[in-house]
Amino acid sequence: MMPFAELVREALRSQATAKQRTILALIGIVIGIGSVIALVTVGQMVQLTSLQQFEQMGTNIITIQKGWSDKGGQKSQARQNITYGDALDLAHQVPELQLIAPYTTTWGQPIFHEEPLDMPLLGVSPAFADINKLELTRGRFISALDGYSFLGVLGAGAADQLAKKGVNDPMGQTIFFKKQGIKIIGVLKRVEDGGMRPYEINPGIIIPIHTSFLFGTQRNVNEIMARLAPGAKRPQVFAAIQRFFNQRQPGMLIQIRSAEQLIAEMAKQSRLFTLLLGAIGSISLLVGGIGVMNVMLVAVTERRKEIGIRRALGAQKMDIEVQFLVESVTLCLVGGLIGMSLGVGTAYVLAQMNQWVFFVSGVALALGIGVSSAIGVFFGYFPARQAARLNPILALRDE
Amino acid sequence: MKNAMVMIQMKGITKTYHIGDMAVAVLKGVDLEVAPGEMVAIIGESGGGKSTLMNIIGFLDTPSSGSYWFEDQDASHLTDNQLAVIRNQKIGFVFQQFNLLPRLTALDNVCLPLVYRGVPHPQRREIAKQLLEQVGMGQRMTHHPPELSGGQQQRVAIARALAGKPALILADEPTGALDSQVSQEIMDLFKGLNSEQKITTILVTHDPNVGRQCQRTVRMADGRLSEV
């Protein structure tokens with residue numbers, strides 16, 4: 001039996017002589033492994049990044065929204081919205097809700113220096129900053145004493161919009177909404193989108209919730225955000241919330257979402273994503289594998305004489321078979337390693353562009369090496385067996 | 001059947017090839033005895049069965065019938081793997097077309113039989129170096145076969161045949177691809193190895209000049225062997 005180091009040396013030596021064909025066959029493997037690694041890594045990065053966002057806010061945050069009737073279109077007579085009053089009473093009735101932050105969203109066109117702006121209005125109470133972990137770069141946040149005053153805090157995106165209009169210090173500026181001037185008293189630091197946070201925070205103007213009622217006709221809230229007390233049992237709390245709303249308005253549908261639930265959903269989604277894209281990678285690998293098989297079959301035909309010589313010098317069938325198998329595995333591993341660095345590189349670029357947390361898991365690397373070796377064995381087996389079965393006398397006579 | 005003074009003992013060896021429904025008898029009952037240290041030439045026209053006999057002597061092929069004893073071992077019914085082991089340990093092949101692997105250096109070519117015997121790397125390089133020096137190729141160990149002349153390649157091939165310390169050197173038309181002066185140098189090398197190291201040598205040739213330089217010549221014609 002030929003020693004292993006000798007086999008690998010031999011495999012590299014023979015590949016180096018058939019450079020062009022080798023490179024062509026490798027392209028499929030490189031692309032296949034590259035995409036599998038990139039996809040797996042991207043999937044894992046997205047998951048980690050969103051998990052970190054949830055963890056920033058805490059996994060004990062829930063949101064309560066009105067539910068949508070499954071009797072589509074048919075509106076019942078009863079009011080179906082959650083009101084500010086509901087939110088305040090809920091906090092008393094369900095003591096496990098440690099902190100509660102109902103908020104409203106109002107769409108319309110704020111005007112600044114007679115030009116329209118594209119900014120939603122968020123009506124919030126002071127607890128909103130705590131639950132959403134908001135930080136200020138300048139000024140102050142909405143306080144409980146602000147009542148119905150026309151004061152506003154700019155999200156980071158909204159501040160950028162003003163900066164584009166030449167206003168570098170928005171503090172003290174006035175933005176008009178429905179002919180009411182809102183004075184800017186603070187600017188928020190940019191927050192990560194996704195997770196439980198309302199996406200209107202970055203691009204919006206945040207005003208006191210009572211002020212927002214002045215712009216609408218009702219005291220309905222968009223959503224109630226709440227933080228559970230430590231150790232609160234979710235199923236019981238959710239049931240209590242349901243009971244509360246059923247007493248208020250019989251037949252009212254509400255929808256409660258928890259961070260935990262979202263994390264589970266997201267993990268499921270990203271698994272699906274990984275699987276789907278992994279399948280695409282597998283197809284390129286199949287094509288690459290067939291290319292490798294072709295290269296190996298040609299190599300066996302071209303090197304019949306060599307096989308004959310080796311057999312005459314004492315190589316057993318197994319030696320020849322292993323020699324060609326090692327060669328095809330080495331070929332695939334070379335392609336796999338190039339593919340892996342390409343995949344990791346792609347993932348790195350995507351991570352930079354999307355501000356994901358960059359990391360490469362050992363699982364992804366092991367997968368890359370494992371899959372390329374497996375392809376080498378699988379697609380090299382048939383050519384290698386053909387080489388081993390050559391009649392040495394006929395092979396020696398080959399020119 | 002045992003005879004200490006005989007290395008090769010063949011009795012009634014036949015070889016028949018089946019091509020479709022046709023049976024072609026290439027060897028029709030060959031008897032041959034070779035003693036250790038002998039230098040034998042097998043001569044004859046092409047198509048007479050020389051190559052087939054050589055393949056059987058060299059364990060590349062098995063006879064259809066008859067008995068073949070090699071160094072007190074019955075060699076007529078061996079498995080493919082057993083044949084490979086005997087080739088590796090007992091036989092040193094020299095071919096007309098040298099049959100060196102062009103991608104390997106002279107040194108690595110000589111090492112090859114030792115690779116299949118599992119000799120560790122530093123040791124087999126040491127052995128190969130000595131042998132290349134012995135055949136006068138000490139200066140060209142790192143050359144690849146295409147960079148060498150025919151005579152030089154055949155010297156490397158002879159060094160490779162000697163690498164496994166074989167009982168028998170089996171040379172198939174070893175001078176067939178060389179001009180007469182180089183042929184003579186190669187023949188001198190074979191004769192020297194035979195007389196100084198007592199290496200049993202069988203040469204297959206159609207060159208009467210080569211046959212004349214061996215102690216003993218046998219002729220192969222129409223599937224049968226006769227002493228000359």
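**Entry 1. A:Glu114**

I started with A:Glu114, which sits in the loop that joins β3 (111-112) to β4 (115-116) in chain A. The model I am reading is a predicted one. I looked up the backbone angle of this residue: A:Glu114 has a positive phi of about 70 degrees, and the residue is not a glycine. I noted this since most residues other than glycine have a negative phi. Is A:Glu114 buried or exposed? I found 6 other C-beta atoms within 10 Å of A:Glu114, and the limit for exposed is 12 or fewer, so A:Glu114 is exposed.

**Entry 2. B:Phe59**

I then turned to a residue of chain B with a positive phi. B:Phe59 is not a glycine either, and its phi is near 65 degrees. I located B:Phe59 in the loop between α1 and β4 (65-70) of chain B. For the surroundings I found 23 C-beta neighbours inside 10 Å; the threshold for buried is 20 or more, so B:Phe59 counts as buried. My note on the pair: A:Glu114 is exposed, whereas B:Phe59 is buried.

**Entry 3. The six-stranded sheet of chain B**

I traced the strand order of an open sheet in chain B and wrote down β6-β7-β8-β3-β9-β10, six strands with mixed pairing. At the edges I found β6 (91-94) and β10 (224-227) of chain B, each of which pairs on one side only.

Strand β3 (residues 39-43) and strand β9 (residues 216-221) of chain B run in the parallel sense and share four bridges. At B:Ile42 the bridge partner in β9(B) is B:Val218.

**Entry 4. The four-stranded sheet of chain B**

I also followed an open sheet of four strands in chain B, with the order β2-β1-β4-β5 and antiparallel pairing. Its edges are β2 (22-34) and β5 (73-74) of chain B; each has a single partner strand, so one side of each is left without a neighbour in the sheet. I looked at the pair β4(B) and β5(B), which is antiparallel over two bridges. There B:Phe70 stands opposite B:Gln73 in β5(B).

**Entry 5. B:Ala106**

I looked up B:Ala106 and found it in helix α3 (residues 106-115) of chain B. What does B:Ala106 touch, neighbours within four places in sequence aside? I listed B:Leu132, B:Met137, B:Arg140, B:Met141, B:His143 and B:Val156 as its contacts. I also took one distance: B:Ala106 and B:Phe95 are eleven residues apart in sequence, and their C-alpha atoms are 16 Å apart in space.

**Entry 6. Chain A and its strands**

I read the domain assignment of chain A as domain 1 (4-54 + 264-397) and domain 2 (68-252). Taken over C-alpha atoms, the centres of these two domains are separated by 53 Å.

I looked at strand β10 (residues 205-208) of chain A, which pairs with β5 (residues 121-124) of chain A in the parallel sense over four bridges. Strand β7 (residues 151-154) of chain A pairs with β10(A) in the antiparallel sense over two bridges. A:Ile206 turns up in both pairs: it is the bridge partner of A:Leu122, and A:Val153 stands opposite A:Ile206.

**Entry 7. The contact of A and B, and the scores**

How many residues does each chain give to the contact? I found 19 residues from chain A and 19 residues from chain B. On the side of chain A, α1 (4-17), α9 (304-312), α10 (317-354) and α12 (392-397) each supply at least two residues. I sorted the residues on that side into nine nonpolar, four polar and six charged.

Last, I wrote down the scores. The model has ipTM 0.93 and pTM 0.71. Chain B averages a pLDDT of 91, with 98% of its residues scoring at least 70.

Key: Residues are numbered from 1 along each chain as its sequence is written. Chains are lettered from A and ligands numbered from 1 in the order in which they are written. This is a predicted model: local features need pLDDT of at least 70, side-chain atom pairs count only at pLDDT 80 or more; totals for chains, interfaces and linings use all residues. Two strands pair if DSSP finds at least two bridges between them. pLDDT is the predictor's confidence in each residue, from 0 to 100. Two residues are in contact if their C-beta atoms, placed from the backbone, lie within 7 Å. Ala, Val, Leu, Ile, Met, Phe, Trp, Tyr, Cys and Pro count as nonpolar, Asp, Glu, Lys and Arg as charged, and the others, Gly among them, as polar. Domain bounds come from an automatic or database domain assignment.
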